[in-house]
Amino acid sequence: MQYDQLTPSQRKAVFHHEGPLLVIAGPGSGKTRVITYRIASLIDSGIAPYNICAITFTNKAAEEMRQRAYALGTSPGAHISTFHSLCARTLRTYARQADISDSFSVYDAADQARCIKQAVKLCELDTTNFPPARMLDAISTLKNKLIDAETFKHDADDFFSKTLAEIYGRYQNILNENNALDFDDLLMKTSSLLENCPDVCEKLSNRFKFLLIDEYQDTNHAQYRVAKALVSHHGNICVTGDPDQSIYRWRGADIRNILDFENDWPDAVVVKLEENFRSTPNILSIADQLIACNQSRKQKKLVPTIPPGKDVSIEPFEDERHEADAIAQQISQLADRKVALSSIAVFYRVNAMSRTLEEAFIRHKIPYQIVRGVEFYSRKEIRDLLAYLKILVNPDDEIALMRIINTPARGIGKTTLNKVRNHAASRNITFYKALKDAANIKSLSNAPKAKIAVFVSLIEQFQKELSGGVGPLAERVFCDCGLEKSLKTAEDSTAIENVNELINAAHEYDKQTENPLLVDYLQQISLFSDVDAYDTAKGTVALMTLHAAKGLEFENVFIVGLEEGLLPHERSNVDEDNEQLEEERRIFFVGITRAKTNLQISYAQYRTIRGQLLRTIPSRFLFELGAQFSEPAEESRHYDYGTSQVASGFKIGQLVQHNSFGLGRVKNFVDVGENSIVVVKFNTGQTKSLMVKYANLSIV
DNA sequence: CATAGCCGCCTTTTT
DNA sequence: GGCGGCTATG
């Protein structure tokens, strides 16, 4: 085994074989390489690959780590996957002990949305006062903290908590009835399985004698507990992460997991990797300057190892179209100079911003790919076919069943379904069982009975063919359920292509899996998404959110939309909550540190948001990047505002008056001379960041 | 029962 | 601007 590529501190991390190990690693320090080499060196020293478990943040990262480990000459067999995949597998293996059925469906956001709506409806609550999305969020937070519905109900004392508890209970009932688990359940149920069944815990702990976790700063409490249980019999846990790159707090990520690692494992060895092998000093210096503005952080250096390069540029543009066009043009020029398109990426804060960029890339004939998984798996035709397949292994999955019972149209309408549902409720049987029993539903006439019988026999026929591989089955179902015919009639060739892509993927799964099972395929596929589909081999420019950029690196990076409200995002409530502001700053930090050589940061002076052209304010983060960037000359013709008073300074708490927003109180004042920003909470309830020189605020 | 068209609702980030 | 759900119509 060759370790030439490692620095002394990396080598120390790799060779420390026993006991807890914490690798605090800055961006570009090769922390993923540390994990990969550690896997290889463990195998090299005689540990069976079978006894190693590595956890990555995305499936894509897992795939890459597998490849790299093989490239180092290790034999396959190490378990490398995400927490969610590992938990899904564990729950299926030990379904009996976990008190669930092994044929469970995994519900994604869209399925969850349907369930929570049903739950709120069942509680006879108004969706305006109890927005389903909010309720789901609250439930997810509870699940991440491993608080189940009963416990929460028991402790609920105020009206809101009690109502939420009721919704939570109903929601969970619906999932149970459908034999379904949501993403959070995968973690929560695994955690309680390991903690309540010592024999299962011991088995797994002995199977995985070495646990390695990448991106540990973004683990949540449930994942922490799973990890802790997994190593309970040996303590061989190695984690790597960077607190400055923690960007999933909103999803329950708990930065304390990494900060408290040394308390949890007092004999832990800590290795710090501060050298950066990725970016030029020019890029690192602005990254450093930005992240230094975060108050709640441990000091950490970014030590450059490569020679200076080009300065980072900060470009103003008139509007988002000009911004996109200019970037497309620059990329064209790079392409003319034979720069590989796969070395270029554009990052933005929200998915909606990809459209303008896409249009510009099409105009300039630049091949691109949008790195976002919702795309593929949320397409109607894909969801439809997957719903058919889900029904075959889990007929209780009513969400899937309702999706396809009349898709394509087979004359089973709302009235019929209501009658079946009543029958199911009165007999206390599942919807699918009621369908099978349709002949005995008195309120149904013969025509709908016959139609239901055809549907049921179709499903039962498919169910007989479960053992012949996922690919052939998917093909057969697509052809015989009528979907193919209806797509052909509609001449929807893209939809057909998409389905073919899914079928190809299923064949690929059959090929790569020792014992291909539909249930396994479905449980894994639900956990695939966004970054997983990104393919560098395609030779295209990559467009993605800053979140999706985590863990990646590119020679040339463009970050767009550095504007107040966008980055930091308005929904993150930054003026009320400093923690959230710091997370937004880390998101930007992650983006900056993806760049190896060239980085351009831009903002638009006008941006169309929800169809409205709005004047923007440059992001406060740009000002934090400091004096080395002079504020670009702004063309006064853009402003139909009259010139107003220049900053004389505002005090926090001061009462001010605005022409259209009315009275408000100053929450914050960022004094940067001419471009000073004042943050005002208006009596209307909204909080706005305003540029003093345009806001025309008067002191009351 | 199917379809088209309209209205109202939401719109950060994602395993 | 986009989608889901509802309604009116065939």
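1. Strand E2 (residues 52–56) and strand E6 (residues 210–213) run parallel and are joined by four bridges. Within this pair, Cys53 has Leu211 of E6 as its bridge partner. The model is a predicted one.

2. E2 and E6 belong to an open sheet of six strands, ordered E3-E2-E6-E7-E1-E8, with parallel pairing. Strand E3 (79–82) and strand E8 (269–273) are the edge strands; each has a single partner strand, so one side of each lacks a neighbour in the sheet. From one strand to the next, the twist averages 15 degrees.

3. Helix H2 (residues 31–44) lies across strand E1 (21–25), E2, E3, E6, strand E7 (237–241) and E8. Relative to E6, H2 runs at about 165 degrees.

4. What should helix H21 (residues 414–427) span at 1.5 Å a residue? Its 14 residues should span 20 Å, and the end C-alpha atoms are 20 Å apart, which agrees.

5. Thr416, Leu417, Val420, His423 and Ala424 are the buried residues of H21. Viewed down the helix axis, these buried residues fall within an arc of 120 degrees, so they line one face of H21. They pack against helix H20 (398–404), helix H22 (431–436) and helix H23 (446–463).

6. The other side of H21 carries the exposed residues Lys414, Thr415, Asn422, Ala425 and Ser426. After H21 comes Asn428, which has a positive phi, near 60 degrees.

Key:
Residues are numbered from 1 along each chain as its sequence is written. Chains are lettered from A and ligands numbered from 1 in the order in which they are written. This is a predicted model: local features need pLDDT of at least 70, side-chain atom pairs count only at pLDDT 80 or more; totals for chains, interfaces and linings use all residues. Side-chain values use heavy atoms; hydrogens and water are left out. Helices (H or I, at least four residues) and strands (E, at least two) are DSSP runs, numbered from the N terminus. The expected span of a helix is 1.5 Å times one less than its number of residues. Buried means under 20% relative accessible area, exposed over 50%, partly exposed in between (1.4 Å probe, protein chains only). The arc is that of the directions from the helix axis to the C-beta atoms. Contact means heavy atoms within 4.5 Å. Two strands pair if DSSP finds at least two bridges between them. Axes are lines fitted to C-alpha atoms, for helices over the stretch in contact, and angles run from 0 to 180 degrees between N-to-C directions.
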